[in-house]
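Q: I'd like to learn how to read a structure like this one, feature by feature. Where do we start?
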Amino acid sequence: MPSPAATDPISPPGTANRIPFPAALTSGLRWDVPASLVVFLVAVPLSLGIAAASGAPVMAGLIAAAVGGIVAGALGGAPLQVSGPAAGLTVIVAGLIEQFGWPATCAITAAAGVLQTLLGFARVGRVALAIAPVVVHAMLAGIGVIIVLQQTHVMLGAEAGESAWHNVKALPATITSVDHQAAALGVLVILTLLGWKYMPAAVRRIPAPLAAVVAATALSLPFKSDVDRITFDGSLLDALSLPQLPQGHWSAVAIGIITVALVASVESLLSAVAVDRMHHGERTDFNRELLGQGAANMTSGMLGGLPVTGVIVRSATNLEAGARTRKSAILHGVWVLVFSLLLAAVIELVPVAVLAGLLIIIGVRLVKVADFHTARVTGDLAVYAVTLLTVVFVNLLAGVLTGLALAVVLVLWRVVRAGIHAEPLGDPDEQRWRVVIDGSCSFLSLPRLSHVLASVPSGSHVTVELEVDFLDHPVHDTLDAWRRRHISNGGTVHIEESGTATLHGAKAGPPTRGSSRSALRGGFAPWRSWQRDLRRGADAGTNVPAPLQTVLAGVENYHRRHAHLLRPHVQELSAAQNPDTLFLTCSDSRLVPNLITSSGPGDLFTVRNVGNVVGNGRLDPSVEAALDFALNKLSIRSVVICGHSGCGAMIALTAEPAKDSPQKAAAGRNAVEAWLDHARPSLASFRSGHRVRSAAAEEGYGEVDQLAMVNVAVQLERLQRHPGVREALKSGRLHLTGLFYDIATAQVLQVTPDGISHLDPLTRAAADAGSVAAAV
């Protein structure tokens, strides 16, 4: 419901939907406070685990969680997104700590925040989303694999190696010297997390990570010092520290800053997109989200915390817990801060193996089978595999850059590649060939084009079917040179252009990609639009009369281009028809029922006659037979009567003088004049001021078109009085409507006995707006 300011005509500009300040502080708290507590309980163990996996001080994870909640939650552009340390950055942070040390890593984090802020001010938030999703999915999967390999060693009581390959090689030795107590605790956490969804609903209200960590920690207390536990020096306040500038290696530092900024930005924005799909409230402002994430990373880095990103796991938990505003994310950060200050000693009771088990599940969930399946179906499996393997066995930056480069190459290959082939037609003695060029044809296609053209025998009669959406000048020159050479050797060349890019356009100016809304030959465009050169290009000595050439050429084109596409749809109709609608329309060639109704074979049971009439007094036998068959044999559910603009029957009606008497001899009348007797009641209704006439006049239609619409309404009224139709209408088995096709605008209107209405959404919206303006 809109706020009072939204409907108050005297509210100053910019105050619509603005909530008064005191109310803004308390609005939604009844939902946000409980949700923030749930997210807090999920965030604490995850933040501790991510800090441990990164090799950073444990408290750095809690600092990042508090800063992400408070700063990013308050300043970010995604109100329901929750930010904090993310598993996606563990590998990057671990590498930075190993190379530069923790204080310098904090400085890199703060600098990355500055870069994110600059990107936000540059308003490039949506540009970051242009990174191929398959690369992001593979990157996260690679990070998941690295986390699993690392934390498996930790859970089994050993030290993790420096690289994924080292962890793979050392795995047999770790298994033979396993610490059974640590392994048991880690396995308990894994089993708890996997089986939590099978617990009763009341139990599942407790976050699974919290339950797993608390249960395993409680079970480990009797072990005393036999299990490695989390250790840290001092409190949260002691963990706060200013960053230090790195000592040299500035190119590596710059790469680290860019990597953290880009990965954190992309992960945050993708998470925000996913969150937007999960609710119907305020949408994300991507540039503001970059500003908020940048401010959070500057703050976290300056205080000694991990890098911050938007986290989909915590954000989804926030939504599921019922959060309504950004106050939930902010309060979750406050609870993390309070916990870190007052209950830090509790953290030292948590065994390292318990966090390892938690991280293994996080890593496994980063490797999503659905992403792998999508990459396989969409042809991006190579990009996915190369990115994942490079991330795991080289490094994250190399993996992402390699994946992006491969994705770009793959897109270029798919976009610029044209389908080019040649094939013989008819009897070999006729020497008839066809060359098909389909897709985007540029200079990159010249090797294939030249090879195909060279395969066409000299002296043959060639038809080149050019159906392309992009064509540049080098292709034009190659085709033109080959055409002249082929003709000089005794052959003929006929070029049919049915795409949106043409040879003339390639020569007249810079190449541009044509609209994808091209006319489909044989189903949309008239013959004259694509058979202009049919006679000139016809084979010499043909016995086919010129008037039949267009028909037969259309049939040939149908077999070449459409028959194979139509065949799967009509095979099931080969035994019987089952149309949905009886479509009664005029015989006019400009009105194509299947085209204006977007229907195909088997949809319409069509009856056509001059003036789309159903008869005068009693139904015409042809219409009567079709109606009886449709109602009793085909069980149709609707009847449509369709007229059109510029109807010749209506023109003839308005041009006839009034009859002196019904008994006037009709000996001098032709068949059309006799047939128009069926439509004269429509003319009488038109002259007596039918409601449809007035409605059509208000829309600006001329008298002939007004009469055509009245004729549709009168025929509907007659059908309603027909005994068989009347019974079907009363039982609800049948429905009637009228249509009017305006040829000049290619628009279809609906006609009822009471008036007309627009069916084109854009025209209808404009008409509605005009009605409102007129009323005001």
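A: Let's start with aromatic pairs: rings of Phe, Tyr and Trp (its six-membered ring) pair if their centres lie within 6.5 Å, and planes under 30 degrees apart count as stacked, over 60 as edge-to-face and the rest as tilted. Searching the whole structure turns up five such pairs. In one of them, phenylalanine 40 and phenylalanine 339 have ring centres 6.0 Å apart and planes at 65 degrees, so this pair is edge-to-face. Phenylalanine 40 belongs to helix H3 (residues 29–54) and phenylalanine 339 to helix H16 (residues 327–342), so the pair ties together parts 299 residues apart in sequence. Helices (H or I, at least four residues) and strands (E, at least two) are DSSP runs, numbered from the N terminus.

Q: Are phenylalanine 40 and phenylalanine 339 buried or exposed?
A: Buried means under 20% relative accessible area, exposed over 50%, and partly exposed in between (1.4 Å probe, protein chains only). Both phenylalanine 40 and phenylalanine 339 are buried. Tyrosine 701 and phenylalanine 740 make another pair, with centres 5.9 Å apart and planes at 85 degrees, so it is edge-to-face. That pair links distant parts of the chain, 39 residues apart: tyrosine 701 is in the loop between helix H34 (691–698) and helix H35 (703–721), and phenylalanine 740 is in strand S12 (residues 735–742). Tyrosine 701 and phenylalanine 740 are buried as well.

Q: What should I know about the model itself before going on?
A: This is a predicted model, where local features need pLDDT of at least 70 and side-chain atom pairs count only at pLDDT 80 or more, while totals for chains, interfaces and linings use all residues. Residues are numbered from 1 along each chain as its sequence is written, and side-chain values use heavy atoms, leaving out hydrogens and water.

Q: Which arginine lies over the face of tryptophan 31?
A: The rule is that a charge sits over a ring if NZ of Lys or CZ of Arg is within 6 Å of the ring centre and within 35 degrees of the ring normal. Here arginine 324 lies over the face of tryptophan 31, 3.8 Å from the ring centre. Arginine 693 does likewise over phenylalanine 686, at 4.0 Å from the ring centre.

Q: Back to S12: which strands does it pair with?
A: Two strands pair if DSSP finds at least two bridges between them. Strand S11 (residues 638–644) runs parallel to S12 over seven bridges, with isoleucine 641 partnered by glycine 738 in S12. With strand S13 (residues 747–752), S12 pairs in the antiparallel sense over five bridges, and phenylalanine 740 has leucine 749 in S13 as its bridge partner. S12 is mostly covered, with six of its eight residues buried.

Q: What is the strand order in the sheet?
A: It's an open sheet of six strands, S8-S7-S11-S12-S13-S14, with mixed pairing. Strand S8 (604–609) and strand S14 (755–758) are the edges, each pairing on one side only. S13 and S14 pair in the antiparallel sense over four bridges, and leucine 749 stands opposite histidine 758 in S14.

Q: How should I read the confidence?
A: pLDDT is the predictor's confidence in each residue, from 0 to 100. The chain's mean pLDDT is 83, and 88% of its residues reach 70 or more. Over residues 516–522 pLDDT stays under 50, yet the model has 16 contacts (heavy atoms within 4.5 Å) beyond four places in sequence for them. Residues 772–776 are also below 50, and that stretch has zero contacts in the model beyond near neighbours in sequence.
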